[in-house]
Amino acid sequence: MAGNITGDWDKFIHNNLLQHGIVSGVSLITAQCQCVYSYGELQDLDENNWKQFRNLFDYSSPVKDQPLFENGFTLHVNDEVKSFKIYKKTNCSIYATLQGNEQGLIVCNLPYGVLICCYALPHTASTAVKHVEQFCDMLRS
């Protein structure tokens, strides 16, 4: 992925993303929507969950983004349906939360795919977003 990342991916992701306990689930999907890494709450989700994250960052406009903001993301996790409402989209990231802000989803565009992370209370959106964005900056460098 990034030129300066060496060694074992599991160790890298643990040391730089998971060790603080802010992120409760991670998935890395390719541009072809194949999951190449998953952990925690986002582990072992089926392919249908990933299709909604395809081409999110290819082109952006208020007209194109309107359905995305209206529909948000829906994940099927352990016989439970979780509907996330998007509250912000940038050129390289999308932030969404469940109703009541008890859990959030961070979707980050990377050169060869998309990183999806989830977090839950007591961690705030601002803490989780900062943490995940710092990790994505490492992957993009």
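This report walks through the sheet, helices, cores, aromatic rings and cysteines of a predicted model.

## The sheet

Let's start with the strands. Seven of them make an open sheet, in the order β2-β1-β7-β6-β5-β4-β3, and the pairing is antiparallel. At the edges stand β2 (35-40) and β3 (73-77); each has a single partner strand, so one side of each is left without a neighbour in the sheet. On average, neighbouring strands here are turned by 20° against each other, with direction ignored.

How is β1 held beside β2? Strand β1, residues 23-30, is joined to β2 by five bridges, and the two run antiparallel. One place to look in your viewer is Ile-29, whose bridge partner in β2 is Cys-35. Strand β1 also pairs with β7 in the antiparallel sense, over seven bridges. In that pairing, Thr-30 stands opposite Gly-113 of β7.

Strand β7 has a further partner in β6: eight bridges join these two antiparallel strands. They form a hairpin with two residues between them. Leu-110 has Gly-113 in β7 as its bridge partner. Is β7 enclosed or open to the outside? Seven of its eight residues are buried, so β7 is largely enclosed by the rest of the structure.

## Helices against the sheet

Helix α1, residues 9-18, lies across β1, β2 and β7 (113-120), and it runs at about 130° to β1. Helix α4, residues 125-140, packs on the sheet too, where it touches β1, β4 (80-89), β5 (93-97), β6 (103-110) and β7. The direction of α4 makes about 20° with that of β6.

In soluble globular proteins, nonpolar side chains tend to be buried together. In this model, the largest nonpolar core has 22 residues, and those with the most contacts inside it are Leu-17, Val-26, Ile-106, Leu-115 and Val-132. Two or more residues come from each of α1, β1, β6, β7 and α4. Which element gives the largest share of this core? That is α4, with six residues.

Leaving aside residues up to four places away in sequence, Leu-115 touches Val-26, Ser-27, Leu-28, Ile-106, Val-107, Cys-108, Leu-110, Val-132, Phe-135 and Cys-136. There is also a second, separate core of 21 residues, which includes Leu-42, Phe-57, Leu-75 and Ala-96.

## Aromatic rings

A pair of aromatic rings is described by the distance of the centres and the angle of the planes. The structure holds seven aromatic pairs, and the table shows two of them.

| Pair | Distance of centres | Angle of planes | Description |
|---|---|---|---|
| Phe-12 and Phe-135 | 5.5 Å | 40° | tilted |
| Trp-50 and Phe-53 | 6.1 Å | 40° | tilted |

The pair of Phe-12 and Phe-135 links distant parts of the chain: Phe-12 belongs to helix α1 and Phe-135 to helix α4, 123 residues apart. Both Phe-12 and Phe-135 are buried. They are also members of one aromatic cluster, together with Trp-9 and Tyr-37. Trp-50 and Phe-53 are likewise buried.

## Cysteines without a disulfide

A disulfide is a covalent bond between the sulfur atoms of two cysteines. How many disulfides does the model have? The count comes to zero. For comparison, the cut-off for a disulfide is 2.5 Å between the sulfur atoms. Cys-33 is buried, with a relative accessible area of 4%, whereas Cys-35 is partly exposed, with 34%.

## Backbone details in the loops

Most residues other than glycine have a negative phi, and most peptide bonds are trans. Here are some places to check against that:

- Cys-33, in the loop between β1 and β2, has a positive phi of about 65° although it is not a glycine.
- Asn-101, in the loop between β5 and β6, is not a glycine either, yet has a positive phi of about 55°.
- The peptide bond from Leu-121 to Pro-122 is cis, with omega near 15°; Pro-122 is found in the loop between β7 and α4.

Definitions and conventions:
Residues are numbered from 1 along each chain as its sequence is written. This is a predicted model: local features need pLDDT of at least 70, side-chain atom pairs count only at pLDDT 80 or more; totals for chains, interfaces and linings use all residues. Side-chain values use heavy atoms; hydrogens and water are left out. Buried means under 20% relative accessible area, exposed over 50%, partly exposed in between (1.4 Å probe, protein chains only). Two strands pair if DSSP finds at least two bridges between them. Helices (H or I, at least four residues) and strands (E, at least two) are DSSP runs, numbered from the N terminus. Axes are lines fitted to C-alpha atoms, for helices over the stretch in contact, and angles run from 0 to 180 degrees between N-to-C directions. Contact means heavy atoms within 4.5 Å. A nonpolar core is a set of buried Ala, Val, Leu, Ile, Met, Phe, Trp, Tyr and Cys residues joined through side-chain atoms within 4.5 Å. Rings of Phe, Tyr and Trp (its six-membered ring) pair if their centres lie within 6.5 Å; planes under 30 degrees apart count as stacked, over 60 as edge-to-face and the rest as tilted.
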